[in-house]
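Open the model in your viewer and keep the selection tool at hand. The stops below go from one residue or element to the next.

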Amino acid sequence: MAESTSSQAPDQARGPVATLRRIAFLMERQREETRRIEAFRKAARTILPLPEEDVRRRAADGTLTELAGIGPSTAAVITDACNGVVPERLRALEETAGPLATGGEELRARLRGDLHSHSDWSDGGSPLEEMAMTAMELGHDYLVLTDHSPRLRVANGLSAERLTRQLAVVDAVNEHLDGTFTLLKGIEVDILDDGSLDQTPEMLGRLQVRVASVHSKLKMEAPQMTRRMIGAVRNPHTNVLGHCTGRLVTGGRGTRPQSQFDARAVFTACAEEGVAVEINSRPERRDPPTRLLELARDTGCLFSIDSDAHAPGQLDMLDHGAARATEAGIDPDRIVNTWERDRLLAWAASRL
């Protein structure tokens with residue numbers, strides 16, 4: 001069941017950990033300040049391993065702030081939750097917790113998972129376990145973990161050694177799940193200047209889904225950028241072409257114009273190779289732009305509606321991508337994350 005549409009009434013109290021997580025989730029989906037959100041997630045991590053009676057005793061004694069990671073605001077939330085009271089902060093957030101976008105509700109309900117997400121192994125804000133748990137709560141069947149590749153040092157990209165360690169953690173997480181949800185092994189691999197991919201073929205072959213994206217030299221001349229992108233699309237390890245223009249249209253990072261390339265040639269290569277064009281659901285990206293989205297549709301491309309989430313609450317941003325795909329009239333069966341897991345994995349492995 002989706003966290004954002006939980007059947008629990010806004011005035012019904014939750015436990016303290018669930019209350020803290022819910023506040024953080026709702027703040028993330030509304031793109032509030034990261035530092036303030038982290039306070040609630042840190043407090044949840046602090047009390048999670050503690051016996052319930054210890055948390056309740058500290059709430060009654062007013063000693064919660066003696067614990068590292070808990071300040072006055074989060075202590076007040078924990079105390080309210082222990083007393084069966086819905087904190088005012090949560091009540092206010094719940095009042096504005098409707099769909100993030102309208103017009104794509106039917107398609108959104110058909111999405112079985114998300115192929116683009118980040119954890120604190122690279123530039124995400126939460127552990128991969130928290131990302132998986134939130135995806136489960138949103139009703140996903142699967143989530144592909146796609147932390148960055150090594151060259152993107154600013155995003156703490158994963159070397160082959162670190163990625164190997166991460167894959168073992170993913171295996172451990174899946175061993176503890178009941179099989180109704182799977183955390184899939186993936187990467188957002190940087191497309192290098194010559195169109196090659198920023199990870200060894202051996203490591204890419206160990207993954208289940210690979211998103212290839214351009215993150216550098218976004219102002220490259222159009223002919224060179226076209227060759228670069230087509231080179232990546234033709235690589236048999238590429239499954240999804242991520243945020244293809246690299247543009248930013250709003251948000252805290254400012255705006256950035258779209259890269260210039262021969263979109264028809266790139267999308268033709270995608271259609272020929274069976275590579276999905278990502279509909280990036282982050283509102284600051286809206287990538288590809290509408291004109292290019294319609295061109296990819298008319299060229300016969302597959303699509304993937306992805307959140308590009310860097311925090312658990314951002315996993316709910318699929319609302320935006322579903323609305324755009326619906327507006328563009330894209331057949332749901334051409335959207336690969338409407339497919340059940342085994343069909344998705346068969347498609348992702350088909351070119352190897």
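Which residues does arginine 108 touch, not counting residues up to four places away in sequence? Select arginine 108 and then His140, Asp316, Leu318, Asp319 and Ala322, which are its contacts; contact means heavy atoms within 4.5 Å. Arginine 108 sits in helix α6 (residues 105-110). Helices (H or I, at least four residues) and strands (E, at least two) are DSSP runs numbered from the N terminus. With a relative accessibility of 13%, arginine 108 counts as buried. Buried means under 20% relative accessible area, exposed over 50%, and partly exposed in between, with a 1.4 Å probe and protein chains only.

Before moving on, some ground rules. This is a predicted model, in which local features need pLDDT of at least 70 and side-chain atom pairs count only at pLDDT 80 or more, while totals for chains, interfaces and linings use all residues. Residues are numbered from 1 along each chain as its sequence is written, and side-chain values use heavy atoms, with hydrogens and water left out.

Colour the chain by pLDDT, the predictor's confidence in each residue, from 0 to 100. The protein chain averages 95, and 97% of the residues score at least 70. Over residues 1-9 the pLDDT is below 50, and this stretch has 24 contacts in the model beyond near neighbours in sequence.

Next, select helix α2, residues 34-47. Its 14 residues reach 20 Å from the first C-alpha to the last, close to the 20 Å expected; the expected span is 1.5 Å times one less than the number of residues. Show the side chains of Ile37, Phe40, Arg41, Ala43, Ala44, Thr46 and Ile47, the buried residues of α2. They pack against α1 (16-29), α3 (52-61), α4 (72-82) and α7 (128-137).

Go on to arginine 247, in the loop between β5 (240-241) and α11 (263-273). Arginine 247 is buried, at 15% relative accessible area. Leaving out residues up to four places away in sequence, its contacts are Arg256, Pro257, Gln258, Glu284, Arg285, Arg286, Asp287 and Pro289. A polar atom of the arginine 247 side chain lies 2.6 Å from the backbone oxygen of arginine 286. Proline 289 is 42 residues from arginine 247 in sequence, and their C-alpha atoms are 8.8 Å apart.

Now select arginine 234, in helix α10 (residues 222-234). Arginine 234 counts as partly exposed, at 36% relative accessibility. Its contacts, not counting residues up to four places away in sequence, are Ala269, Glu272, Glu273 and Arg351. A C-alpha distance of 7.9 Å separates arginine 234 from cysteine 270, 36 residues away along the chain.

A search of the whole structure finds zero disulfides, a disulfide being a pair of cysteine sulfur atoms within 2.5 Å.

Finish with phenylalanine 267. Apart from neighbours within four places in sequence, phenylalanine 267 contacts Cys244, Val277, Leu292, Leu295, Ala296, Thr299 and Cys301. In the largest nonpolar core, of 82 residues, Leu183, Leu241, Phe267 and Phe303 touch the most other members. A nonpolar core is a set of buried Ala, Val, Leu, Ile, Met, Phe, Trp, Tyr and Cys residues joined through side-chain atoms within 4.5 Å.

Terms used:
A polar contact is a pair of N or O atoms within 3.5 Å; within protein, one must be able to donate a hydrogen and the other to accept it, and residues adjacent in sequence count only if both atoms are side-chain atoms.
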